[in-house]
Amino acid sequence: MRFYETMFVVKPTLTQEEIGEKIDFYKSVILNNKGEIAANLDMGMRNLAYEIKKNKRGYYYVIYFKAEPKLVLELERLYRINEDILRFIVIKYESKKEQKAWEVLVDRAIHNKKPATLKEHKESKAEEKPEEKAPEQPQGEQSQEEAQ
């Protein structure tokens with residue numbers, strides 16, 4: 001079995017249930033063709049770097065898996081015939097060094113506990129570090145200690 005990573009971008013016009021069905025479909029394709037899913041990374045709705053088929057946003061999803069090469073051909077075929085997939089990529093990790101990098105990515109995906117929104121991220125950071133900072137002085141003004 002070889003090490004792979006696939007990422008695909010789903011149209012943003014689909015409902016959350018439809019997006020979930022697409023994700024489950026591709027997971028089942030991997031599992032039904034004797035592949036092993038090591039981890040998933042749900043990246044959520046993001047802005048695209050450029051407009052694709054009149055869409056400025058897309059739903060990103062990553063799957064790390066082990067499989068035989070023939071599965072990749074089937075997976076790519078299914079990506080191409082599905083109109084709801086804007087873009088996809090399948091990456092193969094060949095050398096021992098690349099496979100170690102794959103394992104690190106899998107560990108990160110498994111232990112990914114990033115908040116879903118920027119607001120939640122700021123709140124979690126505030127809870128982690130309740131340090132008080134001294135008020136910053138505007139440039140050009142010096143404290144009394146620095147002036148002496």
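## An aromatic cluster

Phe8, Phe25, Tyr26, Tyr61, Tyr79 and Phe88 form one aromatic cluster. Rings of Phe, Tyr and Trp (its six-membered ring) pair if their centres lie within 6.5 Å; planes under 30 degrees apart count as stacked, over 60 as edge-to-face and the rest as tilted.

This is a predicted model, where local features need pLDDT of at least 70, side-chain atom pairs need 80 or more, and totals for chains, interfaces and linings use all residues. Residues are numbered from 1 along each chain as its sequence is written, and side-chain values use heavy atoms, without hydrogens or water.

## Ring pairs

The whole structure holds eight aromatic pairs. One of them joins Phe3 and Trp102: it is edge-to-face, with 4.6 Å centre to centre and 75 degrees between the planes. Phe3 sits in strand β1 and Trp102 in helix α3 (residues 96-110), so this pair ties together parts 99 residues apart in sequence. Helices (H or I, at least four residues) and strands (E, at least two) are DSSP runs, numbered from the N terminus.

Phe3 and Trp102 are both buried, meaning under 20% relative accessible area; exposed is over 50%, and partly exposed lies in between (1.4 Å probe, protein chains only).

## Strand β3 and its partners

Strand β3 (residues 55-67) has 10 of its 13 residues buried. Strand β1 (residues 2-10) pairs with β3 in the antiparallel sense over nine bridges. Two strands pair if DSSP finds at least two bridges between them. Arg2 has Ala67 in β3 as its bridge partner.

Strand β2 (residues 36-52) also runs antiparallel to β3, joined by 11 bridges. Here Leu41 stands opposite Val62.
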